[in-house]
Amino acid sequence: MPPTWTPSPSATSGPTPTRQATATRTPLPQATATGITPLPGATNTVAIFPFTLQNEAVTYARNENGEGCAWLSIAGQVFDLNGGPVIGLAVMVTGEGVAEGGLAFSGEAPLFGPSGYEVFLNTTPVEQEYVVQLLNTTGMPLSEPIVVRTLSSCDRNVAIVNFVQNHEFSR
């Protein structure tokens, strides 16, 4: 069978192209004398607990108490709204093999600062997960439970968990 001829579209046939709208730049909110204006729709919410993890991060340090690498602990400090030390709050650490009951009080470990605390975990640095929580004097939670992963390094065998106050509370 012979091929059939199909006309090809001409430059004048078919829809006429239209010009598309171009994007315009919307300015972001500008800084004011009192600080940065929040983005539209942003709201400030108060945290459920009066203390949170400082800088939202756990840091690590080498043990400096003379035990060297034969040590694994979770330690840190507790700070008030003005950055000052908070003494006498309980820090509870739970997890597999936690020694000494897993409880310490802010202010008991001055090596870490005026509100320092430390919970000993093991005589060998191991990679393992623990849960740390700040409690008031009656055992009520003052922070959310924080999952902390310890490391198996002799240079990073103390997990530093600092708590900072974010709003008023009653002890």
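**Strand pairing and a disulfide in a predicted model**

Strands β5 and β9 run antiparallel to one another and are paired over 5 bridges, where strands (E, at least two residues) and helices (H or I, at least four) are DSSP runs numbered from the N terminus and two strands pair if DSSP finds at least two bridges between them. Within β9, F120 is the residue that stands opposite S73. The structure is a predicted model, in which local features need pLDDT of at least 70 and side-chain atom pairs count only at pLDDT 80 or more, while totals for chains, interfaces and linings use all residues. Residues are numbered from 1 along each chain as its sequence is written, and side-chain values use heavy atoms, with hydrogens and water left out.

An open sheet of mixed pairing is formed by 4 strands in the order β4-β12-β5-β9. Its edges are β4 and β9 (117-122), each of which pairs on one side only.

A search of the whole structure finds 1 disulfide, the term denoting a pair of cysteine sulfur atoms within 2.5 Å. This disulfide joins C69 to C154, with an S to S distance of 1.6 Å. Because C69 lies in the loop between β4 (59-61) and β5 (72-76), and C154 in the loop between β11 (146-150) and β12 (158-160), the pair ties together parts that are 85 residues apart in sequence. The torsion about the S-S bond of C69 and C154 is about -55 degrees, so the disulfide is left-handed. With buried taken as under 20% relative accessible area, exposed as over 50% and partly exposed as in between (1.4 Å probe, protein chains only), C69 is partly exposed at 31%, and C154 is partly exposed at 34%.
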